[in-house]
Amino acid sequence: SPPSTTMKFLGVEFDTLNMCMRVDESKRIEIQTLSVLWSRKTVATKQELQSILGKLIWISKVVRYSRCFVSRIISLLKTLKHQKQKTTLPDSVKKDFKWWGKFNGVDLFVPTTVFSSVLGDAYPMGSGSWNEQAKEYYSRQFPHDLCDTKYPIHLKEFWCVILAVRLWGHMCAGHRVAIYCDNEAVVQTVNHQKPSDPELQNCLREFLYHVCVFKFQPVLIRISTTDNSVADFISRNHDPEDIGKMFLSKDITGMKEVMVDDMMFDFVGSW
């Protein structure tokens, strides 16, 4: 094949002008059609599940961070012994197929340098994050249900990360973004993508959904509470005047508050 800015290799098209790779259009349509059909199926054999899983895993090599959305199918397959053995498809597996029905089969090449850094923190009653690149921050109390002391702190920390992606993800397409968090459970969940806690699994899927939509590469980094002092302050103090003084004391200028309403604490999908 002669030199070209666009070339297909093993069913994947690489485009060095738009700096992206994309699934062949016929394959994309096939996956979306199959996903709709499978989201409505009630029973399937092990052989049928293996067939659709193979197609999805192939696609997941193109769309980074989408592998999480086949984990439930893999878990179901492990319970089946024979190729012709039938099983009822649980709602959790159907949710995976619904996600694949939304996929567009395009991913961007991401440079190795970090484009932007986001720092956030949460405590039992509220959270806050700031992005110096965007010159923006948010700071507010949690909605009433999240303020419950029985709601685990690691899930509150995860919501802080999710909100950061929702607020600034659209600015990060095709870039690598460092997201700093002082909660080890959240960092390990995002970096390894194998949480055993169902609630963490739901948060991870919400997070990765936005990552795939905005097409950037997140890098979760553990940070100490001491080094995360600004985010720690704005998560607890929601007074704009006090927050402005805090930023100025750290020689951080031009920061503007963005408003976060209660609806942003709802999952966009039924994961």
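This briefing describes salt bridges and aromatic pairs in the structure above. The structure is a predicted model, in which local features need pLDDT of at least 70 and side-chain atom pairs count only at pLDDT 80 or more, while totals for chains, interfaces and linings use all residues. Residues are numbered from 1 along each chain as its sequence is written, and side-chain values use heavy atoms, with hydrogens and water left out.

**Salt bridges**

- The whole structure holds twelve salt bridges, each defined as a side-chain nitrogen of Lys or Arg within 4 Å of a carboxyl oxygen of Asp or Glu.
- E206 and R166 form one of them, at 2.5 Å from N to O.
- E206 lies in helix α7 (residues 198–214) and R166 in helix α5 (residues 153–168), so this bridge ties together parts that are 40 residues apart in sequence; helices are DSSP runs of H or I with at least four residues, numbered from the N terminus.
- E206 is buried at 0% relative accessible area, and R166 is buried at 14%; buried means under 20%, exposed over 50% and partly exposed in between, with a 1.4 Å probe and protein chains only.

**Aromatic pairs**

- Nine aromatic pairs are present, meaning rings of Phe, Tyr and Trp (its six-membered ring) with centres within 6.5 Å.
- F69 and W99 are stacked (planes under 30 degrees apart), with 4.1 Å between centres and 5 degrees between planes.
- Both F69 and W99 are buried.
- Ring pairs also join F142, W159, F265 and F267 into a cluster.

Technical notes
Phe/Tyr/Trp six-rings, centres within 6.5 Å; stacked < 30°, edge-to-face > 60°. Helix = DSSP H or I, 4+ residues; strand = E, 2+ residues; numbered from the N terminus.
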